[in-house]
Amino acid sequence: MNFTLSSKPISDTKADCLVVALPEKGDWPASTTQANEALGGLIKTLQKNGDATGKNATTLLVPLEGQPWARLLVVGTGTDKDRSPANYRKALIAMAGQIKDGPSKHVLIALGDTLVTGDDATSSEAARLNLIGRTLEEQFYRFSEFKSEKPSDRKLGKVTLAASSAGKALKDAFNLGLATGRGMNFTRDLGNTPPNVCHPTWLAEQAEKLAKDNDVIKTEVLDEKQMKKLGMHSLLSVSAGSAQPAKLIVMEYRGGKAKDKPYVLVGKGITFDTGGISLKPGEGMDEMKYDMGGAAAVFGAMKTIAETKPKINVVAVIAAAENMPSGTATRPGDIVTSMSGQTIEILNTDAEGRLVLCDALTYVKKFDPEVVVDMATLTGACIIALGSHATGLLSNNDDLANDLLAAGERAGDRAWRLPLWDEYQSQLDSNFADMQNIGGRPAGTITAACFLSRFTKDYRWAHLDIAGTAWNSGKAKGSTGRPVPMLVDYLMSHAGK
């Protein structure tokens, strides 16, 4: 797809389709007024006759003759006071749904001058162009690699976005939105790939390919022999029952100054989770291919970083394993020694994500990190607590937590902070080891984070539980690409100028 930004008057740009915004009431954007004048008052007539109401996310497609555009798409954008970034995005999604599989080869989108409520970070023209770019890439996504009959190629090949200028600031904002969308789609590709293909070795190959395709990325992959030498017996206990060997994947991007400490991303990469000996129920188990959603999000963020090249140092570490039952699998009651030297009594082999993460979180100390952010589809309890709307966030540092929450608000990829109080730690007490890997049903998301916190005392750390946000179930089943937008916004906000 060819995306361009143009500051020319829309009447000077020929296209197969012109897209304009129509508020439900109030003043029109300048681009809509210009289009109405060029069309002899057509948009006003459509509104007056009730064909176009302006209600948010409604659309009306009208064929044209003798105009620079073959058709007109009118997108309702609601009222000014209710046009939050989230509602504006709903209108963008409706627009993308109309154009992506339509007959138009070239679409001119004039939605960037629609006013949005909020502060400058979420409502400025740059923020709107960023969101348009991201939404277009995200909505144009489709995953058909494993279908015998591939969908036909789309006719749409060019999208021009009208803007007040084609200067560097607006171009950078739009391109960052596009790159974020592509990063999300990379995450979705990885998540949607079936587990007989997407196993730890295959994930490692994707990291090596990312480095091959982007010379700013350096990748290293540790095998089980190397991990055993490092003392990662907690991580290795998860892969013990699988024919697929575990991998520790390390990707480095050094765009900042040599002396700048890196921002470290850690992803849970359980490529399939049967629960191990603590076997899960069969219904819905196919969705456990998404248990590597944290790893996939790390990949997506690194792809966006590699494409946009910000002035920041980023290290990504992925703990990849497959959790299977077999004669060699870890048993409930086994005790393992983590890389940190702390011992863990494994009472439930289905609480395996924390077992791979704890060794990865110990390993990253070698990078002397500025901060560490891990992300994992860790607990079903987080879905019960927050549903599919918000990511659970827990942290040992208020500033880091607040920065991530703010990034989520700006990106429309929201999180909600849960407490990490010492009072919860006692639920992990073990009679036979330093700790047990589960804390019972109460506060399951919190006790999982408490477990991880025992391995993160030497640096500022935040944990993102994305069990409810990494994928959709039901008819819309598939990876969502979250929390890539939050991660990208957070990293960009800390990059040098």
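Here are some questions and answers about this predicted model, going from the whole protein down to single residues.

Q: How do you know what share of the protein is buried?
A: A residue is called buried when its relative accessible area is under 20%. In this protein, buried residues make up 57% of the 497 residues.

Q: What share of the contacts with a separation of 6 or more joins residues 24 or more positions apart?
A: The share is 76%. A contact here means heavy atoms within 4.5 Å.

Q: Why is Ala96 called buried?
A: The cut-off is under 20% relative accessible area. Ala96 has 0%, so it is buried. You can find Ala96 in helix 3, which covers residues 85-99.

Q: Which residues does Ala96 contact, leaving aside its neighbours within four places in sequence?
A: They are Leu136, Gln139 and Phe140. Take Phe140: Ala96 and Phe140 are 44 residues apart in sequence, and their C-alpha atoms are 7.4 Å apart in space.

Q: Why does His199 count as buried?
A: Its relative accessible area is 17%. Buried means under 20%, so with 17% His199 is buried. His199 lies in the loop between helix 6 and helix 7. Not counting residues up to four places away in sequence, His199 touches Gln244 and Thr271.

Q: What makes helix 15 mostly covered?
A: Nine of the 10 residues of helix 15, which spans residues 484-493, are buried. Among them are Val484, Pro485, Met486 and Leu487. Asp489 and Tyr490 are also in the buried group.

Q: How many cavities of 30 Å³ or more are there, and what makes a space a cavity?
A: A cavity is a place where a 1.4 Å probe fits but cannot get out. The count comes to three cavities of 30 Å³ or more.

Q: Which residues lie nearest the centre of the largest cavity?
A: Of the 13 residues that line the largest cavity, Ser237, Val238, Asn323, Thr330 and Thr349 lie nearest its centre. The lining divides into six nonpolar, six polar and one charged.

Q: What lines the second largest cavity?
A: Its lining includes Thr187, Gly191, Tyr290, Trp471 and Arg482. Helix 6 (168-192) and helix 10 (293-308) are the elements that give two or more residues to this lining. By kind, the residues divide into five nonpolar, five polar and one charged.

Q: How do you know what kinds of residue line the second largest pocket?
A: This pocket has a volume of about 820 Å³. Sorting its lining gives 10 nonpolar, 10 polar and 10 charged residues. Of the 30 lining residues, Lys280, Asp350, Leu378, Thr379 and Gly380 lie nearest the centre. Helix 12 supplies the largest share, three residues.

Q: Which residues does UniProt list for "active site", and where are they placed?
A: The unreviewed UniProt entry lists Lys280 and Arg354. The lining of the second largest pocket includes both Lys280 and Arg354. Lys280 lies in the loop between strand 9 and helix 10, while Arg354 is in helix 11. Among the residues that Lys280 touches, not counting those up to four places away in sequence, are Asp273, Met285 and Asp350.

Q: Why is Arg354 called buried?
A: The cut-off is under 20%. Arg354 has a relative accessible area of 7%, so it is buried. Leaving aside neighbours within four places in sequence, the residues in contact with Arg354 include Leu378, Thr379, Asn437 and Phe451.

Q: What does UniProt list for residues 348-355?
A: The unreviewed entry lists them for "domain: Cytosol aminopeptidase". This span is 38% helix and 0% strand, and its end C-alpha atoms lie 11 Å apart.

Notes. Residues numbered from 1 in each chain as written. Predicted model: local features only at pLDDT ≥ 70, side-chain atom pairs only at ≥ 80, totals over all residues. Heavy atoms only, no water. 1 Å grid on protein atoms, 1.4 Å probe; cavity = no way out; pocket = protein on both sides within 12 Å on 5 of 7 lines; lining within 4 Å. Points joined across faces, edges and corners; volume = space filled by probe spheres on them. Helix = DSSP H or I, 4+ residues; strand = E, 2+ residues; numbered from the N terminus. Nonpolar A, V, L, I, M, F, W, Y, C, P; charged D, E, K, R; others polar. Buried < 20%, exposed > 50% of the residue type's maximum accessible area, 1.4 Å probe, protein only. UniProt positions renumbered as here; feature names shortened; annotations may be inferred.
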